[in-house]
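Trainee: I'm new to reading structures, so please take me through this one step by step.

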Amino acid sequence: MSDGPQSLSRAGELLRRVAQIVAVFEGTTPEVRVGDRDKLISLAHVVPGGLPSSISVMYSESDPVSLTVPLAGEDLDFIPLQDIADVRVEESLPPELIPFARAGRTLLCVRAGIPSESQDAPVVALSRVGNEWEEESAGKNLETFLAVLVDVLARLTAEAQQIAGTRDQQGVTTTLGIEIPPFKLVELETAIQEIDAEHAEFWLTLLS
């Protein structure tokens, strides 16, 4: 892939790249559009310290109105800007957590209110344990999370195309959500570690 994760530095650009890969390979029509400024302002007013720059940029430039990424473990469904406020209320989320995607029953959020100026807000994965949320670190920031996703999808695309190329049957289709053989998982883990080593295990859970 010519556009590697390092060449796409902004969250909005990365999300559009994700949508492009899904559209081309899955034959779907994800809808990603410019976000509603008033909705972003309203959301910023109820988040302690305001919106982190990464999630503000992503939703202002690339609101995922309809975007599902098929993965072998759990499909990744991005949350449209217009639904964020409702999800926060329905899930009784702490005010500093901003949900942006779901992976099955796991809710992916950006944590606002990080005081360090040198590090943007981290990504956390929330899973229900009884009536409480169990939290797992899922990315050092949103841009890095999306960079890993772009790289993973590029590799899955290549793998799926190779599988499809070995089949002689007509009408056989292969999706991005393919079952990945163990040796390929090792290759993926190595690639993920080059971008965000701390969260490679989390990604392998989504991919297998």
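Mentor: Let's begin with a definition: a crossing is left-handed if the near helix is turned anticlockwise from the far one by less than a right angle, and right-handed if clockwise. This is a predicted model, in which local features need pLDDT of at least 70 and side-chain atom pairs count only at pLDDT 80 or more, while totals for chains, interfaces and linings use all residues. Residues are numbered from 1 along each chain as its sequence is written, and side-chain values use heavy atoms, leaving out hydrogens and water.

Trainee: How many helices and strands does the protein chain have?

Mentor: Both are DSSP runs numbered from the N terminus: helices (H or I) have at least four residues and strands (E) at least two. The protein chain comes to 7 helices and 8 strands.

Trainee: What share of the 208 residues is buried?

Mentor: Buried is under 20% relative accessible area, exposed over 50% and partly exposed in between (1.4 Å probe, protein chains only). In this chain of 208 residues, the buried share is 45%.

Trainee: Which hand does the crossing of helix 1 and helix 3 have?

Mentor: The axes, lines fitted to C-alpha atoms over the stretch in contact, of helix 1 (residues 11-26) and helix 3 (residues 53-61) come within 7 Å and cross at roughly 50°. Helix 1 passes helix 3 in a crossing that is right-handed.

Trainee: Which hand does the crossing of helix 2 and helix 4 have?

Mentor: The axes of helix 2 (residues 37-45) and helix 4 (residues 81-90) come within 9 Å, crossing at roughly 25°. Helix 2 is therefore roughly parallel to helix 4. Lys 39, Leu 40 and Leu 43 of helix 2 make the contact with Leu 81, Gln 82, Ile 84 and Arg 88 of helix 4. The crossing of these two helices is left-handed.

Trainee: How far apart in the chain are Phe 145 and Trp 203?

Mentor: The structure holds 4 aromatic pairs (ring centres within 6.5 Å, with the six-membered ring used for Trp; planes under 30 degrees apart are stacked, over 60 edge-to-face, the rest tilted). Phe 145 and Trp 203 form a tilted one, 4.8 Å centre to centre with 40° between the planes. The pair links Phe 145 in helix 5 (residues 142-165) to Trp 203 in helix 7 (residues 200-207), distant parts of the chain that are separated by 58 residues.

Trainee: Why is the pair of Phe 202 and Trp 203 given its name?

Mentor: The ring centres of Phe 202 and Trp 203 are 6.1 Å apart and the planes are at 80°, so the pair is edge-to-face. Both residues are buried. Phe 202 and Trp 203 also belong to one aromatic cluster with Phe 78, Phe 100 and Phe 145.

Trainee: How many of the 8 residues of helix 7 are buried?

Mentor: The buried ones are Ala 200, Phe 202, Trp 203, Leu 204, Leu 206 and Leu 207. Helix 7 is largely enclosed by the rest of the structure, because the buried residues number 6 of the 8.

Trainee: What is phi of Ser 92?

Mentor: Ser 92 is found in the loop between helix 4 and strand 5 (97-103). Its relative accessibility is 57%, so Ser 92 counts as exposed. Most residues other than glycine have a negative phi. Ser 92 has a positive value, near 50°.

Conventions:
Axes are lines fitted to C-alpha atoms, for helices over the stretch in contact, and angles run from 0 to 180 degrees between N-to-C directions. Angles under 35 degrees count as roughly parallel, over 145 as roughly antiparallel, 65 to 115 as roughly perpendicular and the rest as oblique. Contact means heavy atoms within 4.5 Å.
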